[in-house]
Amino acid sequence: MSMYPSHFAEPSLKKETNRSSASHIPVKAATNDLSDSIFYGELKNKLIKYITKKGNKSLARELLTETFETIKRTQIERLILAGTEKENIIIDSEQLLKNAIENARPLLQLSAIKRGGVKYQVPVPVTEKKSYFLAMKWLLDAAREKDRKVHLPEKLAWEILDAACGQGRVIKKKNDLHRQCESNRAYAHYRWS
Amino acid sequence: MRIPGALYAARGRKPQNEKDVPFQEILPLRLKNTVSGKADSGSDVACLQEMGVLFACLKDNEFVEKYCHKEISQFQKCYKFYMDRKFEAKQTVNQGIVQPGNNLNYKQLNKYMRRFPNPQ
């Protein structure tokens, strides 16, 4: 729930806006994580927020940077080792993160609905926003489930690399969810909330 | 000796004296001036057919999504359309503009009835 009245416009990152035509429309103040730097990414910002623990955002930012570095190092190593198919290897770690999240996004979700004293797991479509959230959450959960001696960026980098090429635990988790939804499809008409 | 009850049945049972059971108005005997908005929320079941088609495709292709692009996009489009419609309906309800007609939502009805309440 925003404190702004509903006629306030969202702040824009674009430098050339046609404000002159709409100069009478008031604009909300920009949040402090918005930036027009070329390193700014909305997905990246979201992921940083999810990594953050106890409000330590600077640490989260550092961890993500380190993750990107690890990804880039491994990809460059692969590029050097690869003989002929050099075009297929993506080095841009932000692109890889984007691919990983796109691959990990679920289409459906199970929600428990009580009918006649029995809880049914009912498949329900997810909104776009929620699917992005779930994909990032699964990536992070997979990364956090590790040995104590392994550093988070290292594991996260591996999970992102795996998910980006359509393998790994996160993709398996998504497919398992889809499978479960498919086996519970008979309950699909039960949902109401 | 017991007399079978059928002998009394012809005369019937004596009615109770009305003074013995005075009428109590437990709930007020008039309609409320409001209606609840429960029925307007509607059912949340949408895109069942699209979901069925998607499931069939996914099952045929062993849950590999790249072979079901058409079905997936159709399903998501359907759900988005449904959500948009729902959002718009909520907006119009919240605006609460009362217009004449017989197809009113609960907010409009409540406004009407507040203007013309039941006599107390």
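A residue is buried if 20 or more other C-beta atoms lie within 10 Å of its own, exposed if 12 or fewer, and partly exposed in between. The model examined here is predicted.

**Exercise 1. Describe the make-up of chain B and state what percentage of its residues count as buried.**

Solution. Step 1: chain B contains four helices and zero strands. Step 2: along the sequence, these elements follow the pattern α-α-α-α. Step 3: by the cut-off of 20 or more C-beta atoms, 8% of the 120 residues of chain B count as buried. Step 4: among the contacts in chain B with a separation of 6 or more, 56% are between residues 24 or more positions apart.

**Exercise 2. Determine how helix 2 and helix 3 of chain B are oriented to each other.**

Solution. Step 1: helix 2 spans residues 48-60 of chain B and helix 3 spans residues 69-95. Step 2: the two axes come within 9 Å and cross at roughly 155°. Step 3: angles over 145 degrees count as roughly antiparallel, and helix 2 and helix 3 of chain B are therefore roughly antiparallel to each other. Step 4: helix 2 of chain B passes helix 3 of chain B in a left-handed crossing. Step 5: helix 2 of chain B contributes Glu50(B), Met51(B), Val53(B), Leu54(B) and Cys57(B) to the contact, while helix 3 of chain B contributes Glu71(B), Ile72(B), Gln74(B), Phe75(B) and Cys78(B). Step 6: the residues of this contact comprise seven nonpolar, one polar and two charged.

**Exercise 3. Relate a UniProt annotation on chain B to the secondary structure of the span.**

Solution. Step 1: in an unreviewed entry, UniProt gives the annotation "domain: CHCH" for residues 47-80 of chain B. Step 2: this span is 74% helix and 0% strand. Step 3: the C-alpha atoms at the ends of the span lie 10 Å apart.

**Exercise 4. Determine how helix 2 and helix 5 of chain A are oriented to each other.**

Solution. Step 1: helix 2 covers residues 57-81 of chain A, and helix 5 covers residues 152-164. Step 2: the helices pack at an angle of about 55°, with their axes 8 Å apart. Step 3: angles under 35 degrees count as roughly parallel, and 65 to 115 as roughly perpendicular; helix 2 and helix 5 of chain A are therefore oblique to each other. Step 4: the crossing of helix 2 past helix 5 of chain A is right-handed. Step 5: on the side of helix 2 of chain A, the contact involves Leu63(A), Glu66(A), Thr67(A), Thr70(A), Ile71(A) and Thr74(A). On the side of helix 5 of chain A, the contact involves residues including Leu152(A), Pro153(A), Ala157(A) and Ile160(A). Step 6: by class, the contact has eight nonpolar, three polar and two charged residues.

**Exercise 5. Locate Ile91(A) and list its contacts beyond its neighbours within four places in sequence.**

Solution. Step 1: Ile91(A) lies in the loop between helix 2 and helix 3 (93-104) of chain A. Step 2: Ile91(A) counts as partly exposed because it has 14 C-beta neighbours inside 10 Å. Step 3: leaving aside neighbours within four places in sequence, Ile91(A) is in contact with Lys72(A), Gln75(A), Ile76(A) and Leu79(A).

**Exercise 6. Describe the contact between chain A and chain B.**

Solution. Step 1: the contact takes 13 residues from chain A and 14 residues from chain B. Step 2: helix 6 (residues 168-183) of chain A gives the most to the side of chain A, with four residues. Step 3: by class, the side of chain A has four nonpolar, five polar and four charged residues.

Definitions and conventions:
Residues numbered from 1 in each chain as written. Chains lettered and ligands numbered in written order. Predicted model: local features only at pLDDT ≥ 70, side-chain atom pairs only at ≥ 80, totals over all residues. Contact = placed C-beta atoms within 7 Å. Helix = DSSP H or I, 4+ residues; strand = E, 2+ residues; numbered from the N terminus. Nonpolar A, V, L, I, M, F, W, Y, C, P; charged D, E, K, R; others polar. Axes fitted to C-alpha atoms, helices over the stretch in contact; angles between N-to-C directions. Left-handed = near helix turned anticlockwise from the far one by under 90°. UniProt positions renumbered as here; feature names shortened; annotations may be inferred.
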